[in-house]
Amino acid sequence: MNQIKCPKCGEVFQIDESAYMAIVNQIRDKEFNKRILEKEEQYKVDKENALKTTKLEIEKNYEKELSSKDIEIQQLKSQIATNKTEMELAVNKAVLDKDKEIADKAQEIISLKGQLKNDEKDYQLREKNIKENYEGQLKLKDEQIAQYKDFKARQSVKLLGETLEQHCEVEFNKLRALGFQNAYFEKDNDIHTGSKGDYIFREFDDDKSEIISIMFEMKNEADTTATKKKNEDFLKELDKDRREKNCEYAVLVSMLETDNDYYNSGIVDVSYKYPKMYVIRPQFFIPLITLLKNAATKSLDYKKALIIERSQNIDITNFERDMNDFKDKFSRNYRLASEKFFTAIEEIDKTIAHLQKTKEALLGSENNLRLANDKAEALSIKKLTKNNPTMLAKFNELNNN
C-alpha cells in the first residue's frame with residue numbers, strides 16, 4: 001500500500017498500487033503536456049526568430065545580389081550599346097565598301113565598253129584594210145589565172161609552144177638594156193649532138209668571163225589536147241641537153257599540169273632528181289634568171305679569188321667546197337623563200353578567218369559586259385549578305401533592336 005498526503009488538508013490516506021500508479025500517471029501526463037505546451041511555445045518563438053533572421057539574411061543577400069545584377073545589367077547595356085555602334089560602323093563600312101566596289105565596277109564597265117567600242121573600230125579598220133589588200137591580191141591572182149586560161153584557150157598546141165617561147169623572149173628583151181647588157185639569150189639551134197633545148201642564156205662580165213649559163217625548155221599544151229603531158233616527161237632530156245651544151249643550170253618553163261599545186265607554188269627545185277634544175281611558171285622567168293645571176297656573180301668573185309689563191313700556191317680545197325656549198329644553199333634558200341611567198345598568201349586567208357572569229361568573240365564579250373552591268377544595277381544589301389551569315393546576322397540583330 002502507498003500513502004499519499006493531500007497538499008491542501010494534510011490528510012494522509014492509503015491507496016493501493018494501481019490507484020497510486022493512476023495518480024502518478026495523471027500527474028506525469030499533466031506535467032508532460034505542460035512541457036509540451038512550453039516546448040511548442042518555445043518552438044514557435046524560435047521558429048519566428050529563425051524566420052525573421054532568415055528573412056533578413058535573404059533580403060540582405062537579395063539586395064546585394066540585386067545590386068550586383070544592376071551593375072551587370074548596366075555593363076551589358078553598355079556592351080550592347082558599344083556592339084551596336086561597332087555593328088553600325090561595320091555595316092556602314094561594308095555598305096561604303098560595296099558602294100565603292102559597285103562604283104568601281106561600273107566605271108570599269110564603262111571603260112571596257114569604251115575600249116570595246118575603240119577596239120571594234122580598230123578591228124573594222126584593220127579588217128577593211130586586210131580585206132582590201134586580200135581582195136586586191138586575189139583580184140590580181142584571178143586576173144593572172146584568167147589571162148593564162150584565155151592565153152591557152154586562144155592558141156593551138158603548136159602556137160602555144162611557140163607563143164610561150166616568144167613570151168619569154170619578149171620579157172627578157174624588155175630588161176636586156178637595163179640589167180643584161182652582157183647577156184646572150186638565143187634559140188638553141190645547135191643539133192650536132194643529136195638534140196637541143198629551146199633557149200640558152202649566158203651572162204658574161206666585163207672581162208668576158210662567163211658568169212652563168214642556163215639551158216631553157218618551154219612546154220605548153222591546150223586544154224583540148226588528147227594526151228596530157230607531165231613536167232617529169234621532159235626533165236631527163238633537158239638534163240642531157242644541159243650537159244651536152246655545157247650549161248650550168250637547166251630550167252623548164254612550163255604551163256603543163258595547171259592544176260598541180262606543187263608546180264603552182266613558185267620556183268620548184270628538182271635538183272634532187274637532176275642537178276641544178278628548176279621548174280617554173282612563166283611569171284617566174286625573169287625573177288629566176290635574176291636570182292641565179294646574182295648568185296653566180298658572187299660565185300664568180302669566189303672563182304677569181306680562187307685563181308689568185310691558186311697562183312700563189314695556196315690550198316683552196318676547202319674554199320671551193322664552201323663556194324659550192326654557198327651556191328647550193330643559196331638555191332635552196334631561194335626555193336624556200338618562194339614557197340613562203342605562197343604560204344604568206346594562205347596565212348592572209350587564215351588571218352581574215354581569225355579576225356572574223358575575233359569579231360564574234362568581241363561581240364560575245366559585249367553581251368557578257370551587258371549582263372555584268374545588269375547584275376551590278378540589280379545589286380542590293382540583301383543580295384550582298386545572302387551568302388554571308390555573319391553580316392546577315394548583324395543586319396537581323398540591328399533590325400530586331
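The following questions and answers go through a predicted model of one chain, from its overall make-up to single residue pairs.
Residues are numbered from 1 along each chain as its sequence is written, and side-chain values use heavy atoms, with hydrogens and water left out. Local features need pLDDT of at least 70 and side-chain atom pairs count only at pLDDT 80 or more, while totals for chains, interfaces and linings use all residues.

User: How many helices and strands does the secondary structure of the chain come to?
Analyst: Helices (H or I, at least four residues) and strands (E, at least two) are DSSP runs, numbered from the N terminus. On that basis the chain comes to eight helices and eight strands.

User: What percentage of the residues in the chain is buried?
Analyst: Buried means under 20% relative accessible area, exposed means over 50%, and partly exposed lies in between (1.4 Å probe, protein chains only). The chain has 401 residues, and the buried share of them is 25%.

User: In what order do the six strands of the open sheet stand?
Analyst: Strands of a sheet pair through backbone hydrogen bonds, either parallel or antiparallel. Two strands count as paired if DSSP finds at least two bridges between them. Here the pairing is mixed, and the order is β3-β4-β5-β6-β8-β7. The edge strands, each pairing on one side only, are β3 and β7.

User: Which residue in β8 stands opposite L252?
Analyst: β6 and β8 run parallel and are joined by four bridges. β7 and β8 pair in the antiparallel sense over two bridges, and there V268 stands opposite V279. The residue opposite L252 is also in β8: V279.

User: Which residues of β8 point the other way from M277 and V279?
Analyst: The four residues named for β8 are all buried, whichever way they point. M277 and V279 point one way, and the other way point Y278 and I280.

User: Which residue in β5 is the bridge partner of F201?
Analyst: β4 and β5 run antiparallel, joined by six bridges. Contact means heavy atoms within 4.5 Å. Leaving aside neighbours within four places in sequence, F201 is in contact with residues including F172, Y184, F216 and I289. The bridge partner of F201 in β5 is I214.

User: How many salt bridges does a search of the whole structure find?
Analyst: Side chains of opposite charge can pair when their charged atoms come close. A salt bridge is a side-chain nitrogen of Lys or Arg within 4 Å of a carboxyl oxygen of Asp or Glu. By this rule, the number found in the whole structure is eleven.

User: Which residues form a nonpolar patch on the surface with about 290 Å² of accessible area together?
Analyst: Patches are made of residues with over 30% relative accessible area and no salt bridge; like charges are joined within 9 Å, nonpolar side chains (Val, Leu, Ile, Met, Phe, Trp, Tyr) within 5 Å. Accessible areas come from the Shrake-Rupley method with a 1.4 Å probe, and for residues only the protein chains shown count as cover. I58 lies in helix α1 (residues 17-153) and counts as exposed because its relative accessibility is 53%. The patch is formed by I58, Y62 and L66.
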